[in-house]
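This report goes through one structure piece by piece. It begins with a single residue and then moves to the chain, the sheets, the contact and the core.

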Amino acid sequence: MFNNLRGFFDKLKPTFSEGGKLAWLGSTFEAFETFAFTPNRVTKQGCHVRDAVDLKRAMITVVIALIPAMLFGMWNIGYQHYIASPETVNCHFFWYCLWFGFLRMLPLLAVSYIVGLTIEFAFAQIRHHQVNEGFLVTGFLIPMIVPVTTPLWQLAIATAFAVIIGKEVFGGTGMNFLNPALVARAFLFFSYPTRMSGDSVWIAADLWGTDAITSATPLAELAAGLQPSASALDMFIGTIPGSTCETSVIAILLGAILLLISGIASWRIMLSVILGGGLMGLLFNAIGANAYMQLPFYYHYLMGGFLFGAVFMATDPVTAAQTNVGKWIYGLLIGIFAVMLRVINPAYPEGMMLSILLMNCFAPLIDHCVVAHNIKRRQKRAIVKSKNSAR
Amino acid sequence: MMVDKITIKKGLDIPIAGAAEKRITNALGIKLYAVKPTDFVGLTPHLLVEEGDAVATGGALFCDKNDERIRFTSPVNGQVKAIVRGEKRRLLEVVVEAKDSSPLVLEVPHTADEIKAAMLRSGLWTALRQRPFGVVANPNDHPKAIFVSAFDTAPLAPDYDFVLQGKEDFFKKGLEALAKLSNGEVHVCFHPDQELAKHLSPLTSHLSPHYVKGPHPAGNIGTQIAHIDPINKGEVVWTMNAQDVVVLGELVSTGVYRPEKVIAVAGPLIKNPHYYRIKAGASIAGIVAEQVLNTNYPKMENDNAARENRVISGNILSGTQISNEGFIGAYDDLVSILPEGDYYDFMGWMMPGIKKYSYSRTFLSGFLPKSTFKPMGIQLPRFSSYWKFDTNTHGDERPLVFTGSFERVFPFDIYPTQLIKACIIGDIELMEQLGIYEVEPEDFALCEFIDVSKTEIQRIIREALETLRKEVADV
């Protein structure tokens, strides 16, 4: 099997290499080849040995960290459907719920990956670059943060917009300044607001189509001046309506543990987002002007996409602040703004997306200030030194 | 006497097998020696000999075109056997065949000027390197300090306590000679429980010892300079390897120039990794032939390709590749031998990876018990003690995406990611502001090792430093 496949690639290689008939598809071939085989490239100078981790491995680790949330999300789509529909009794059957959710998620995932990867391959091909692994994660994330009833054509447009405008125009993965998955969600949110918020998008009415059973998320209830109908425990486990895979705190924490142990995501960012949200929540508690402000601060962690954003979105290494001090500032401000938007601005029940996108924009500025401080310290050291030696 | 203790927290000790056993084989009888202009950063050599010429120990083979006082000399009495040139007739090696190894004997130098003259005459001057830029020191300069690291933390590095055994007095004499050359301090760095440190007291006033604790790169001279007295723009410091300090010590106390050193030959492929006593620039052909063991190394399944060896003069993080018949580099006291890694790894990026080493815990190997972990004295199956280190890059080059990890292995008050980016775009002013003068490529070796995007960071830093050096020279 190994030898056959290797032989197959070796046979095709000349056709796709420079001078071959299909040389214009070189990047595509390279992407498939490196998918199947880590290349036989050896070090030339500098370090003669290299760490076993590469970008593919790092990205697949993030995808693995997302899997608990994905599985729970699938189950919850089915569960929410059955408890709200006439076939209520089915909600007690684990596999019924999971199967229903799986069938609802599959088209979303397929559309996201097909549209996104097609564009990625095309751009890589035009630029004669290698296909970057970044979309492995982005393509997985996009369906996880939209309502289950999102029409597929809208998702396709949003994905295309995110990949082209959010990433490729800046030069591809590593050069973008906004988190592409959030760009897709923001695009949907502002282009098709009726399909992204309100009460009739969160629970699928049937196996196909975009009809929904009316139900409000806890954030919508709060924005409407009510108290959340779900208990804190339900919200912690995640058996509440919401975007497909963002509801379960437990599943997200499992992913967070893997990201932190593997060292792929920054603990500074995760911790500081949570601290920032908590601080703002406590501050609102202290003011206590309305029911929303009086809501215990930890509810903000349990509702909506706060934790999902803190663990998987804010920590995106490309769009986050890159200095350690900068990461603290960046994270704190994300937490603060997210809770502030939720409580004070009723037009946006969920503040996490906008808050992260806003801080994505400011991350380079934060880094600039942190680095400028280092530069200043170095200059000062040189000046003190030259004064001393002048004496 | 003030004792300065420094603790380095950031860094990484790479757990590679095959460290040298404490045993020395005498290999002073090796026939071939070479001096390689490529070992010296930025050197334009001016050849002084022809093939067939007789040369004596300390006889010049070539000199620096810009400063003819800086001479590169033969380590033995003998005959010039070959002058090896590369592309564009670039001088690569001057090979000398040894007849006998009688040392060069000079008058015992006493004053700073005499020491300097003796070093230039014998060729030992080239062992003094300058920071920034890593070039051979300029005899006209007055460095603000001279740094000597008396230990090495690099993977498979020689143990200086062992290597310098019996030479402690010469080491001290050498340091005192350096103190005369410098108009500032001479900083010597030890690790906290180093025997060698005890031989130094009582110290003369210009020698200051420092005790540096921590993982690699704690033993790197760059790390030590950054923590003791960082280099500002326009300043110059000199550095010298500990074994060259011993040669200097002998020169100043007896007048004899004897360019010998003890090198470690190490690596996971080697039969009996241990030490060899050689003369500078010795051919390692015999040592490699006798040591390399090509079997018994974990091969990939279905991988029938015969695995080549890579011989490295220096350590596996920043050494130079040489051929199996090559010569040890002027500044190196370690020969590392690794298996080449030119194989395909089926689905390598998705497999659990029990035998793969990663600083990140993205492979199963990161979760398996280490060989040092023995609950209740029971040795668990040693899954992770035998890492499959070879020269495979484990992935293709990509843009810098995961940008937060360099900081964890880079113990400088410098932002590595930002400095690397400044070097890539070639912004000289920004490089200066971010501290380019404080670093050498080897300081970035660990960043390069753990880099997810497989960028050649050391090459980027070297090229940036060369651009800067030329810029400074033009002004």
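In which helix of chain A does Phe362(A) lie? The model is predicted, and in it Phe362(A) belongs to helix α17, residues 352-390 of chain A.

Phe362(A) has 15 other C-beta atoms within 10 Å. A residue would need 20 or more to be buried, and 12 or fewer to be exposed. Phe362(A) is therefore partly exposed.

Phe177(A) is 185 residues from Phe362(A) along the chain.

## Chain A overall

Chain A contains 17 helices and three strands. Its C-alpha trace spans about 75 × 65 × 35 Å along the principal axes.

Of the 391 residues in chain A, 50% are buried. Counting contacts in chain A between residues at least 6 apart in sequence, 68% join residues at least 24 apart.

## Sheets in chain B

One open sheet of chain B has four strands in the order β3-β9-β8-β5, with antiparallel pairing. Strands β3 (32-35) and β5 (54-55) of chain B stand at the edges; each has a single partner strand, so one side of each is left without a neighbour in the sheet. The antiparallel pair of β5(B) and β8(B), the latter covering residues 77-85, is joined by two bridges. Within this pair, Ala54(B) stands opposite Gln79(B).

Parallel pairing is found around strand β14 (residues 207-213) of chain B. Strand β1 (residues 4-7) of chain B runs parallel to β14(B), with four bridges between them, and Thr7(B) stands opposite Lys213(B). Strand β13 (residues 185-190) of chain B also pairs with β14(B) in the parallel sense, over five bridges. There the bridge partner of Phe190(B) is Tyr211(B). In general, strands of a sheet pair through backbone hydrogen bonds, in either the parallel or the antiparallel sense.

## Contact between the chains

The contact between chains A and B takes 51 residues from chain A and 63 residues from chain B. On the side of chain B, the elements that give two or more residues include β19 (309-313), β22 (345-346), α7 (416-425) and α10 (457-474). The largest share of that side comes from α9(B), with four residues. By type, the residues of chain B that touch chain A divide into 26 nonpolar, 23 polar and 14 charged.

Strand pairing also links the two chains: β1 of chain A (residues 37-38) and β22(B) are antiparallel and share two bridges. Phe37(A) has Phe346(B) as its bridge partner in β22(B).

## The largest nonpolar core

Which residues touch the most other members of the largest nonpolar core? They are Tyr330(A), Val148(B) and Ile263(B), in a core of 235 residues. Helix α3 (residues 55-84) of chain A gives the largest share of this core, 14 residues. In soluble globular proteins, nonpolar side chains tend to be buried together.

Leaving out residues up to four places away in sequence, Val148(B) touches Leu175(B), Val186(B), Val188(B), Met240(B), Ala242(B) and Val245(B). Strand β13(B), described above as a partner of β14(B), covers residues 185-190.

Conventions: Residues are numbered from 1 along each chain as its sequence is written. Chains are lettered from A and ligands numbered from 1 in the order in which they are written. This is a predicted model: local features need pLDDT of at least 70, side-chain atom pairs count only at pLDDT 80 or more; totals for chains, interfaces and linings use all residues. Two residues are in contact if their C-beta atoms, placed from the backbone, lie within 7 Å. Two strands pair if DSSP finds at least two bridges between them. Ala, Val, Leu, Ile, Met, Phe, Trp, Tyr, Cys and Pro count as nonpolar, Asp, Glu, Lys and Arg as charged, and the others, Gly among them, as polar. A nonpolar core is a set of buried Ala, Val, Leu, Ile, Met, Phe, Trp, Tyr and Cys residues joined through C-beta atoms within 7 Å.
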